[in-house]
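Dear colleague,

I am passing on to you the structure we spoke about, so that you can look at it alongside these notes.

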Amino acid sequence: MTLVARPDARIVRGLSLIALCAGLAWPAGAQSVLPLAAQNASPAAAANAFRSAIAEAAADDEAIAGFYAERNYAAFWTTAEAAGRRAALLSALDGAAAHGLPVRRYDPAELIAAFRAARTEGDRGRLEVRMTAALLDYARDVQTGALVPSKVVPGIVREVPVRDRRGNLDGFARAADPAGFLRDLAPRTPEYAQLMKARLMLEEAVAADAWGAPVPAKSLEKGATGPALIALRDRLSAMGYLPRSAAASYDEGIARAVSAFQADHGLEPTGQANAATMTEINTAPARRLEAVIVAMERERWLNFDRGGRHIWVNLADYTAKIVDDGRVTFSTRAVVGAEVTDKNTPEFSHKMTYMELNPDWTVPPGIIKRDYLPRLQANPNALGHLQLVDSRGRVVPRSAVNFAAYSARNFPFNLRQAPGDSNALGRVKFMFPNPHAIYLHDTPDKHLFAREVRTYSSGCVRLADPFEFAYELLSRQEADPKTLFHKVLDSRKQERIYLKDPVPIHLEYRTAFSNPKGMMQYRRDMYGRDAAIFAALVRAGVVTRAAGD
């Protein structure tokens, strides 16, 4: 892992920042914070040099160029009167690491060095632009993330709500409390606060090697003794799942601690330290820190109003929840896309507008081309539960089609499964029409919900309790939602029930998140998305503390 600066270097940098921002190095009453030697030019020549330097440095940045032009190129950062503004920005930049941001993009130490090295009005103009650019870079990163998600992981197709750069700049310039303005840029959600707290605690654990060595066993059973049991006991204690204990065998106290750990890591809370549990127990705090830093970036990508009532699908947690004013009012297990790239469920936000009862199933083109056409070419009578349908919706007899004459590129038919109990979509699907052909739905394959790992679909999200999910969605618009739902369902007719108020839905992928009690939860990175995001953050300049630093 990449190292951060040592504490003594941070102290020196902090003292330099304080001295600079307080204006202690500049003569009383001086308008410029440049050394006196740089203030000997005639006022007109100095003003022209200053204006020209800003214009040239900001020529490719419309927001910055327009800002200074409207100010008639008056200094914004480099006067004695601007000390408070400088202090607010440099302090925020100095704290960027606490947000898991790439500090090197706007390193305050570099800006301080530039202040000290400035000798001419041209230097001062260029410094103005550098400071303004640092403000805008930091504002974007802390508000809506340092990365463009789709450029890192194609399966993250959400639109990130990037704020207007000029709006951020004008807002900062107008702010009566510049430091408060910068503090308020980051997500104000309880989840973001919990993640920041977890990041700090994990950095301390990594630096102190607080969790100790991994447990030297692939699994342990109740009643076990010996060095591996002692290592398990001590590691559970270090992670906060077990009070300090002298237990020398796998007793009920350790079993309860293992069970609590399992619940926080998406495992069945059996109290048995099986192989899957031991893998999670032995995961290093540095890896958990990476997951938290990625979760902070993801939280910034969703820094917008998610809706008082909204649906939250966490793919990594295999759950779908209805959230009302920050409180989970309904939760169900889910099956998500398989761990094959073209079947991974994408991440995006949309609005659910209706549910369709007794749906038919039109097989997605990708599944036809990838899976079903080869089977039909081998045996035209395969997949007998599906109807062959032409572009006009007419059912075509299979005997009339030479499947061998077609390829994945030119196959002109759809495959359709009629409504019914065995339909792949079950009895109800929940629609938020989107270009990715993703929706939530029932399924006849109920046995899959009993498994810990639930990556079995071709991309859509299957719900364990779809009827109850429907009742809760309809509860805002119907006095008796259950009766209405079953009246339509029992008709066996394919019908829609529209939501009077469309409900925002967010398909997310969080391997690190907090529960309502503030305890951190961790899940497996089954699609490898978080690993890709963390690698991109490191390339962008994010650093984390390594053990022994």
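This is a predicted model: local features need pLDDT of at least 70, side-chain atom pairs count only at pLDDT 80 or more; totals for chains, interfaces and linings use all residues.

**Overall picture**

The protein chain has 18 helices and 14 strands, and its C-alpha atoms fill a box of roughly 95 × 70 × 55 Å along the principal axes. Of its 549 residues, 50% are buried. Among the contacts with a separation of 6 or more, 68% are made by residues 24 or more positions apart.

Divided by class, the lining of the second largest pocket holds 17 nonpolar, 11 polar and 7 charged residues.

At least two lining residues come from each of α10 (190–208), β1, β2 (319–324), β3 (327–337) and β13 (512–514). In this lining, 9 residues are nonpolar, 14 are polar and 11 are charged.

**Strand pairing**

Strand β12 (residues 495–508) pairs in the parallel sense with strand β1 (residues 309–314), over 4 bridges, and within that pairing Ile 311 stands opposite Ile 505 of β12. Strand β4 (residues 348–357) also pairs with β12, in this case in the antiparallel sense and over 9 bridges, where Tyr 354 has Tyr 498 as its bridge partner.

Elsewhere there is an open sheet of 3 strands, in the order β5-β7-β6 and with antiparallel pairing. Its edge strands are β5 and β6 (387–389), each of which pairs on one side only. The pairing of β5 with strand β7 (residues 414–417) is antiparallel and runs over 2 bridges, with Arg 416 in β7 as the bridge partner of Thr 362.

In soluble globular proteins, nonpolar side chains tend to be buried together. The largest nonpolar core in this model has 87 residues, of which Leu 220, Leu 232, Leu 236, Tyr 250, Ile 254 and Val 292 touch the most other members. Helix α6 (residues 121–144) gives the most to this core, with 9 residues. Tyr 250, when its neighbours within four places in sequence are left aside, is in contact with a set of residues that includes Leu 220, Leu 229, Leu 232, Ala 255, Val 258 and Ala 273, together with Glu 221, Lys 222 and Gln 272.

**Individual residues to look at**

Most residues other than glycine have a negative phi, and two residues deserve a look with that in mind. Asn 358, which is not a glycine, has a positive phi of about 50° and lies in the loop between β4 and β5 (361–362). Arg 492, also a residue other than glycine, has a positive phi near 65° and is placed in the loop between α17 (481–490) and β12. Are these two residues buried or exposed? Asn 358 is buried, because its relative accessible area is 2% and buried means under 20%, whereas Arg 492 is partly exposed, with a relative accessible area of 48%.

Finally, Ala 57 belongs to helix α2 (residues 43–57) and is partly exposed, with a relative accessible area of 40%. Ala 57 and Val 129 are 72 residues apart in sequence, yet their C-alpha atoms are 6.5 Å apart in space. Leaving aside neighbours within four places in sequence, Ala 57 is in contact with Arg 126 and Val 129.

With best wishes

Terms used
Residues are numbered from 1 along each chain as its sequence is written. Side-chain values use heavy atoms; hydrogens and water are left out. Two strands pair if DSSP finds at least two bridges between them. Ala, Val, Leu, Ile, Met, Phe, Trp, Tyr, Cys and Pro count as nonpolar, Asp, Glu, Lys and Arg as charged, and the others, Gly among them, as polar. A nonpolar core is a set of buried Ala, Val, Leu, Ile, Met, Phe, Trp, Tyr and Cys residues joined through side-chain atoms within 4.5 Å. Buried means under 20% relative accessible area, exposed over 50%, partly exposed in between (1.4 Å probe, protein chains only). Contact means heavy atoms within 4.5 Å.
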